[in-house]
Structures are given as C-alpha cells and as structure tokens.
Amino acid sequence: MASLQASSFLFSCSCSTRINAANISVPKLPGIRISVPRNALHVVEELNFRDGFTSTIPIEKNTATNTRNIDQEPATTRATVKLYAILEAVADRVEVHKNIGEQRDNWNKLLLDSINMIILTAATMAGVSAGAPLLALKLSSTLLFSAATGMLLIMNKIQPSQLAEEQRNATRLFKQLYRQIQTTLALRDPTELDVKDAMEKTLALDKAYPLPLLGSMIEKFPEKFEPAVWWPKSNETQGRKQPKKVTTQGKNGWSEDLEEEMREVIEVIKKKDSEDYTRLGNLALKVNKILAISGPLLTGIAAAGSAFVGHGSWAAIVAVTAGAVASTVSTCEHGGQVGMVVEMYRNCAGFFTLLEETIESTIQEGDLEKREGEMFEMNVALKLGRSLSQLRDLARKSSSSHVDGTSIDEFASKLF
C-alpha cells in the first residue's frame, strides 16, 4: 500500500512538472513565408499529371519568363481581339451591301418596266381618244403621263443602276479588305497599327459608298467628273524624310533601276489610263444628264398634249409621239444603264489614282528597308494585268519616248 502511494505521488509530480513546463510562455515568432523550391513545384506538377488533373494547380516554371509574357501578351491579345471585331464588322458589311445591291438592281428593272408600260398605255389611250373623244380616256391618258413624269423624275434623280453598281463595288472592296485582315492574322501577330489601318479603311469605305438614299447619297450629276476615293488619305508624306538615293540593290530587291521603272509606269498611267477614263467619264456623265432631262420633259409634253385631245388632231399626234420618244429615252437611259457606266468609269479612274498614290508613297519612303522591291513590282504588274517582263518593257518604251520626243501609244493597264 505504501509502495502504491509512493508510485502515485511520483506520477503526479511528473505530470505536474510536465504541465508547468507546458504553461511556460514562449515568445511568438513572426510569420515567415517559405517559398517552395522549384523542384517541389515540378513534383506537384508530376503528381497532378499522374492523377489526371493537369490543370489543378497553376505552376510558374520560370518567373522571369512569365513576367515578360504578362507584359507582352495582353497588348498582342488586345490587338488581335480588336482586329477580329473589325473582321466581323467587315463581314457584316459585305452581306449588307450585297443584299442592298440586289435590291436596287431590282428597283431599276421594275421601275423601268412599270414606267414604260404606263407611257405606252397612256399613248395608246391618247391615240384612241383622238378618233372617239371620250372624257374617261383623255383623263386617264393625262393622269398616266403625269404619273410617268413624276416617276421618271424620281428615278432619274436616284439612278438605280448607278446605285446598284455602287453597292457591287462596295461589296468587292469590303471582301478585299476582309481577305487582307485574314492574311494579317494568318501571317503574324497584329499590332495596334494594323488595327488602326483596318479601322481607317473600313470607315473610308463607309464614306465612299453610303447606304442611305437621303442626305448622304452620292451626287449623281456633279458639275465635274471626279474619280471615286475609297481609301483613307494619310498625312505620312508630310512628316516623311526625304528619300535616299539608291545606288545599289538592297536586300529587299529595291534598286535604282526599279525606282526609275516605277516612275515611268506612273507617267504612263497619268498620261494614258487616267486621262482616258476621265474623258470617257465626262462623256458618259453628259449623256446621262441629257437623257435624264429629256425623259420627264417628253412625258410632260405628252401629258399636256393628251389634255387637249379632241381640240384638233395635233394634240393626239403630240401626245402619242412624245410618249413613244419618252419610252425610248427611258429605255436607253435605264435599260442601257448609263448611270452604271458612269460609276464604272469613276471606279476605274479611282483605281488608277490609288495605284499612282501607292507607287509615289513607296518611292518617297525614307526608310529603304520598308520598300518591298520585288514583291512591290510583282503587285504592280498584277494590278495592271502584265507580267514582270511586260512591265519592264512598258517602262523602257516610256523612257525612249521621252528621248525621242514622242508619245507612247500603249496603255499601262491591260485589264481595264
């Protein structure tokens, strides 16, 4: 019994000692962040891979590389996203201009057929009423001629055939811009300059080929024929350095001979192609003006003549003759699509103006490395429908004509 008490006493003393030792206050150490070694991170990644969860724990394999990617990737990603947004807008515009072009082409056909039927019906009524003067026929003929006059005035004002050609050109140019953006996205990572360039081209096309008829419609009968302009006007040439004189061929294929060749091509385009299309455009514009005035004038005369049917044979003759001539004029103007021809000449003249500006801006480029010599020469040859050898022959002919004091008898383009 005594031994048990002694044992119990020793056990209690031991527990008391342990408890007192545990109650001793120890100063708290500050919180220390322990960075896991990279080897341990690799181990975690390997464990994740073995478990089948390859993306459970994000791993930073290289802090310096990751920091650099964080600085660079967001800018590239933003430019790519912006360019894709512009690409979607351009694709939408392609569909819109295509649909509206088909609609306005239908306008031309339906209005032409309707107006011609109205004019011929009114002329027939006027001729019949001359033999048997009936108030109903005379009144109907006058109303139909008057309606045809009003419809012709509206139709000649908006020129549906020219409106349809505008939309066809807009569709083609927006498709061209769409392919250019796709090429940029496929070849390299786009930059903010690519985004700005695509945005400016899109807005320039919107301005050149507006969709509304009221307010922003292109003037169909301007005082002077002007080429179409669908590209943004840049002010780069104002701040550009003076071009350097090229003495040897550069790495990109640009040389002094190529520069002289491009200058000769510009001269031929200005003197032959641009001048010829401007002349033809002015001629087509004058013809269209004459036809646009003649049609409503003739139907107006026919309406006045039909109102006096029964007061002499001359009234019926005037009404029938003027109606027949008005129908012929309307068919020549809108069936022959003279407005479309005017727009075609505007587009062709604009094409050559753009080509001239492109060549001049390339020649004036101060940084020789930015002049894409061989590629640029090939692009110019393709736009003119020529091979490289034919383009060089054209430049030689133009140069020899300057020496001989004669004019070249060949156009630069073989396409238009």
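A salt bridge, as the term is used in these legends, is a side-chain nitrogen of Lys or Arg within 4 Å of a carboxyl oxygen of Asp or Glu. The model is predicted, so that local features need pLDDT of at least 70 and side-chain atom pairs count only at pLDDT 80 or more, while totals for chains, interfaces and linings use all residues. Residues are numbered from 1 along each chain as its sequence is written, and side-chain values use heavy atoms, with hydrogens and water left out.

View 1. The chain holds 12 helices and zero strands, where helices (H or I, at least four residues) and strands (E, at least two) are DSSP runs numbered from the N terminus. Of its 416 residues, 35% are buried; buried means under 20% relative accessible area, exposed over 50%, and partly exposed in between, with a 1.4 Å probe and protein chains only. The chain exposes about 25,200 Å², of which carbon and sulfur atoms supply 60%; accessible areas come from the Shrake-Rupley method with a 1.4 Å probe, and for residues only the protein chains shown count as cover. Among contacts (heavy atoms within 4.5 Å) with a separation of 6 or more, 81% are between residues 24 or more positions apart.

View 2. The closest N and O atoms of Glu410 and Lys397 are 3.1 Å apart. The pair links distant parts of the chain, with Glu410 in the segment after α12 and Lys397 in helix α12, 13 residues apart. Glu410 counts as buried at 18% relative accessibility, whereas Lys397 is partly exposed at 44%. Together with Arg386, these two residues are linked in a network of salt bridges.

**View 3. Two further salt bridges involve helix α3.** The structure holds 16 salt bridges, and one of them joins Arg93 to Asp206, with the closest N and O atoms 2.9 Å apart. Because Arg93 lies in helix α3 and Asp206 in helix α6, this pair ties together parts that are 113 residues apart in sequence. Arg93 is partly exposed, with a relative accessible area of 25%, and Asp206 also counts as partly exposed, at 23%. Lys109 forms a salt bridge with Asp105, the closest N and O atoms being 3.5 Å apart, and both of these residues lie in helix α3, four residues apart, about one turn of the helix.

View 4. A nonpolar core is a set of buried Ala, Val, Leu, Ile, Met, Phe, Trp, Tyr and Cys residues joined through side-chain atoms within 4.5 Å. The largest core has 48 residues, of which Ile181, Tyr209, Trp230, Met262, Ile359, Val380 and Leu384 touch the most other members. Helices α3 (63-131), α5 (160-187), α6 (192-208), α8, α10 (338-363), α11 (373-383) and α12 (388-404) each supply at least two residues of this core. Another core, of 20 residues, lies apart from it and includes Phe145, Met155, Ala302 and Val329. Leaving aside neighbours within four places in sequence, Tyr209 is in contact with His97, Glu166, Asn169, Ala170, Leu173, Ala228, Trp230, Glu343 and Asn347.

**View 5. Gln159 and Gln337 each have a positive phi**. Most residues other than glycine have a negative phi, and most peptide bonds are trans. Phi of Gln159 is near 50 degrees; Gln159 lies in the loop between α4 (135-158) and α5 and is buried, with a relative accessible area of 0%. Phi of Gln337 is near 55 degrees, and Gln337 lies in the loop between α9 and α10.
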